[in-house]
Amino acid sequence: MDKYFVVFSFFFFTVFASLMLPVNSSAQGHPVEHNEQSHDLHKKDHTDNHAEEEGFNTAATAFHHISDQNIFNIGPFHIPLPCILYAPGKGLSVFSSSKFDIGSHGIGHNAVDGYVLYEGSVRRIVDPDFPQGLVKLDGEHPFDLQKVQINGKEKEQVAVLYNNKNYNTLAKSTLDGGVMGGGITNFYDFSITKNVVSMILMCLFLAWIFIKIARMYKIRRGKEPRGIQSFMEPIFLFIQEEVSKPFLGDKWEKYQPFLMALFFFILSLNLFGQIPFLGGANVTGNISVTLVLALIVFIVTNLNGKKAYWKHIFWMPGVPALLKIFILTPVEIMGMFIKPLTLMLRLGANIIAGHMTIIAFVGLIFIFRHQFGGAVGTGVGFGMSVPLTMFMMAIELLVAFIQAFVFTILTASYIGAAIEEEHH
Amino acid sequence: MTGSLAALGAGLAVIGAGIGIGLIGGRAMEGIARQPEAAGDIRSNMILMAALVEGAALIAIILSFFV
């Protein structure tokens, strides 16, 4: 029974997390009001900006690499993924992202139904008069990037070049892959993106491993573990002995499958995201994904909350009434939400920080080449970058385990606090 | 001088986390030296506490990217 629950939980996480990816980030579907204003501005900015673009922008590169994408890169190859896009008033468009004719850096050379692919993610052209269907854009790099001032904040504006005319696009529906919510956009992206594919792959992989192990336990009942079984058993027992039993007391068996599902889901995605040249998907570093995980923890904790738990939140015993009404109860209610919020941010922030640091170290090569030029700069950059990157990746390997463990142990402690019986 | 204050903020956050994790690690070592048989328990609690401290610092660093 337990093993099926684990498998179901994986699928549950995947389905919900993939549903949340677009929804969370494209909820603000405002049409552009700033369009006219920005058009004037970027003409002025144009000349200054080109000087900057010559250099290597580490931050922009890092953000582009950690974000969710509509293509899956394996080494130099692009694997197209299905795009499922919905725009209000226009309806659903479903097509493969190979229709964009993807070039280097995830730049699409075609526009499909008014959608274009820029740096691996789909954007929509604002102008409703832009021709529908498959349209060939101008040149090898049919995009023009400008920084514009919108309400005093500097934003990026990507324009598409077609028939020697600039067409503005809005922010991608999953801004920075939904790391921090969405930009202003006018369509919904329900595509099977790189993150969704990674989650599905990992779920299938884990389901395969666990079903295999479960079968081995049946066949080899009472005998010593063998093969993959002897690799997984200590991890399983570790979570059971160090996390479930101390925090959950005698009810640990009920929550063990949930904790296991959490632990292995996070761990496998952490590790999968670190394999170089294999997509490098930043799934657990995506706030939308960790948001869903935290939401599930929140629901499980509060649904299982016993009388004592709610009593301690709303009417803490042994404290003067005035203190309870004005301080303790508001603080406890805030705490109820802050706990899953910190879970979400901790996991996301750790993985994002790891990925960004690695990209920054790799970026040293390009920075040195830009500074000193040619082979010398590249060589020096390479000599510095490789040891630092390897060091960081070793640390990240550790972080992958620690963060999965911390997420699980904190979940166990929250559930443990909720299901505790009164003992005064 | 150019650049943004956000970088300074990220640095401050790292100082705070450094002090915090240093204290945790130091006290854990003291604890283990005093009671070597409790090393396992102390170690897992140490990792948990370090992760909690680190989480706060990472939130500050991530926010510094966005301001």
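Me: How much area is buried between chain A and chain B?
Reply: The model is a predicted one, and the figure for this interface is likewise a computed value. The size of an interface is often given as the accessible area lost when the parts come together. Carbon and sulfur atoms give 83% of the area buried between chain A and chain B, and that area is about 1,400 Å².

Me: How many salt bridges does the rule find across the interface of chain A and chain B?
Reply: The contact takes 18 residues from chain A and 13 residues from chain B. Across it, the rule finds zero residue pairs in polar contact, with both residues required to be at pLDDT 80 or more. For salt bridges across the interface of chain A and chain B, the number found is zero.

Me: Which element of chain A gives the most to the side that touches chain B?
Reply: By class, the side of chain A that touches chain B has 13 nonpolar, two polar and three charged residues. The elements that give two or more residues to this side are helix 9 (321–372) and helix 10 (374–419) of chain A. The one that gives the most, with seven residues, is helix 9 of chain A.

Me: Of the residues in chain A, what percentage is buried?
Reply: Chain A has 10 helices and 12 strands. Among its contacts between residues at least 6 apart in sequence, 68% join residues at least 24 apart. Of the 424 residues in chain A, the buried ones make up 50%.

Me: Are the planes of the rings of A:F130 and A:Y167 stacked or edge-to-face?
Reply: The structure holds 15 aromatic pairs over all chains, and A:F130 with A:Y167 is one of them. A:F130 is in the loop between strand 7 (121–124) and strand 8 (134–136) of chain A, whereas A:Y167 is in strand 11 (residues 165–168), 37 residues apart, and both A:F130 and A:Y167 are buried. Their ring centres are 4.8 Å apart and their planes stand at 85°, and because planes over 60 degrees apart count this way, the pair is edge-to-face.

Me: Which residues form one aromatic cluster with A:F210?
Reply: The rings of A:F210 and A:F264 have their centres 5.0 Å apart and their planes at 70°, so this pair is edge-to-face. A:F210 lies in helix 4 (residues 194–219) and A:F264 in helix 6 (residues 252–272) of chain A, so the pair ties together parts that are 54 residues apart in sequence. Both A:F210 and A:F264 are buried. The residues that form one aromatic cluster with A:F210 are A:F236, A:F263 and A:F264.

Me: Why does A:Y86 count as partly exposed?
Reply: A:Y86 has its place in strand 3 (residues 82–87) of chain A. Leaving aside neighbours within four places in sequence, A:Y86 is in contact with A:G91, A:L92, A:Y115, A:F187, A:Y188 and A:F190; from A:Y188 it is 102 residues apart in sequence but 5.0 Å apart in space, C-alpha to C-alpha. A:Y86 counts as partly exposed because its relative accessibility is 33%.

Me: With which side chain does the side chain of A:N302 make a polar contact?
Reply: A:N302 is in helix 7 (residues 287–303) of chain A, and at 13% relative accessibility A:N302 counts as buried. Not counting residues up to four places away in sequence, A:N302 touches A:Y309, A:W310 and A:M336. The polar contact, at 2.9 Å, is with the side chain of A:Y309.

Technical notes: Residues numbered from 1 in each chain as written. Chains lettered and ligands numbered in written order. Heavy atoms only, no water. Phe/Tyr/Trp six-rings, centres within 6.5 Å; stacked < 30°, edge-to-face > 60°. Helix = DSSP H or I, 4+ residues; strand = E, 2+ residues; numbered from the N terminus. Buried < 20%, exposed > 50% of the residue type's maximum accessible area, 1.4 Å probe, protein only. Contact = heavy atoms within 4.5 Å. Buried area = accessible area lost by both parts, 1.4 Å probe. Salt bridge = Lys/Arg side-chain N within 4 Å of Asp/Glu carboxyl O. Polar contact = N/O pair within 3.5 Å; in protein donor to acceptor, adjacent residues only side chain to side chain. Nonpolar A, V, L, I, M, F, W, Y, C, P; charged D, E, K, R; others polar.
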